[in-house]
Amino acid sequence: MVATETSASLIISAAAPEQFPPETGVDDPMEVAFLGRSNVGKSSLLNRLVKQPGLAFTSARPGCTQLINFFRIDDQVRFVDLPGYGYAQVPIEEKARWKGLIESYLFHRQTLQLSFLLIDARRGWMDKDLELKAWLEFHNRRYQVVVTKIDKLKSSNQIKAGMAAILKQIPDQQPIPFSALDGRGVGEIWQIISKIKNQH
Ligand SMILES: Nc1nc2c(ncn2[C@@H]2O[C@H](COP(=O)(O)OP(=O)(O)OP(=O)(O)O)[C@@H](O)[C@H]2O)c(=O)[nH]1
Ligand SMILES: [Mg+2]
């Protein structure tokens, strides 16, 4: 799959499940979701993958993506940018609303084939990440861990230590180191998407 051949576009920013693109049956595009804490770099990763820097809105201020944004990639694939969790400044009712929206998507969505679970290279696993990981495993949802902002770790020893700490929680998979700044990891991420697309 070559991202540059297509131009990604926003389908809808959904505030409620009724607004999700309808699931019609066998010809629906498969969906790939991007999950992780607020500010971990979900929207930046998505933009980097499609080489369209302004497609999904990014911000240094956490809590930037508050709706579920569905993007058309091609006839067979949609990307789904989810609101981040774990941002302390968000009012409790708002947090409950996001949690409901995210869980409703992850629980019911039949077109969802793969989630990328993003973990900040400098922070490693936090409680909310582990909760989500356990939730995905319990519900048999396929996920792949991506370690973001790897450019912030300056030496190869720092990178090794950061990756090793993350690997401890996922002995059966190889997390992908990624940087939206320098593009590390883009090829591996597309490879995984292509593999699942071909099985679909
Ligand atoms: N150095 C560096 N900064 C990054 C990287 N990815 C994202 N950022 C920065 O981190 C901040 C948050 O990025 P976003 O992509 O908006 O994060 P998000 O996970 O979508 O955040 P929410 O929408 O709030 O959940 C922005 O200031 C980005 O420029 C990266 O790989 N390296
Ligand atoms: Mg975002």
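A salt bridge, as I use the term today, is a side-chain nitrogen of Lys or Arg within 4 Å of a carboxyl oxygen of Asp or Glu. Please keep in mind that the structure before you is a predicted model. By this rule, the count comes to ten salt bridges.

I begin with Asp74 and Lys197. These two residues form a salt bridge, and their closest N and O atoms are 3.1 Å apart. Asp74 sits in the loop between strand S3 (68-72) and strand S4 (77-81), whereas Lys197 belongs to helix H5 (residues 186-199), so the pair ties together parts that are 123 residues apart in sequence. Are the two partners buried or exposed? Asp74 has a relative accessibility of 13% and counts as buried. Lys197, at 15%, counts as buried too.

I turn next to Asp120. Which side chains does Asp120 meet in a salt bridge? One partner is Arg122, with 3.1 Å between the closest N and O atoms. Another is Arg123, where the N to O distance is 3.8 Å. That value lies within the 4 Å limit, and therefore the pair of Arg123 and Asp120 qualifies.

The surroundings of these residues deserve a word. Asp120 is buried, its relative accessible area being 6%. Arg122 counts as partly exposed, at 43% relative accessibility. Arg123, with a relative accessible area of 52%, is exposed.

Finally, there is a network to consider. Glu23, Glu31, Arg78 and Arg109 are joined into one network by salt bridges that share partners.

Key: Residues are numbered from 1 along each chain as its sequence is written. Chains are lettered from A and ligands numbered from 1 in the order in which they are written. This is a predicted model: local features need pLDDT of at least 70, side-chain atom pairs count only at pLDDT 80 or more; totals for chains, interfaces and linings use all residues. Side-chain values use heavy atoms; hydrogens and water are left out. Helices (H or I, at least four residues) and strands (E, at least two) are DSSP runs, numbered from the N terminus. Buried means under 20% relative accessible area, exposed over 50%, partly exposed in between (1.4 Å probe, protein chains only).
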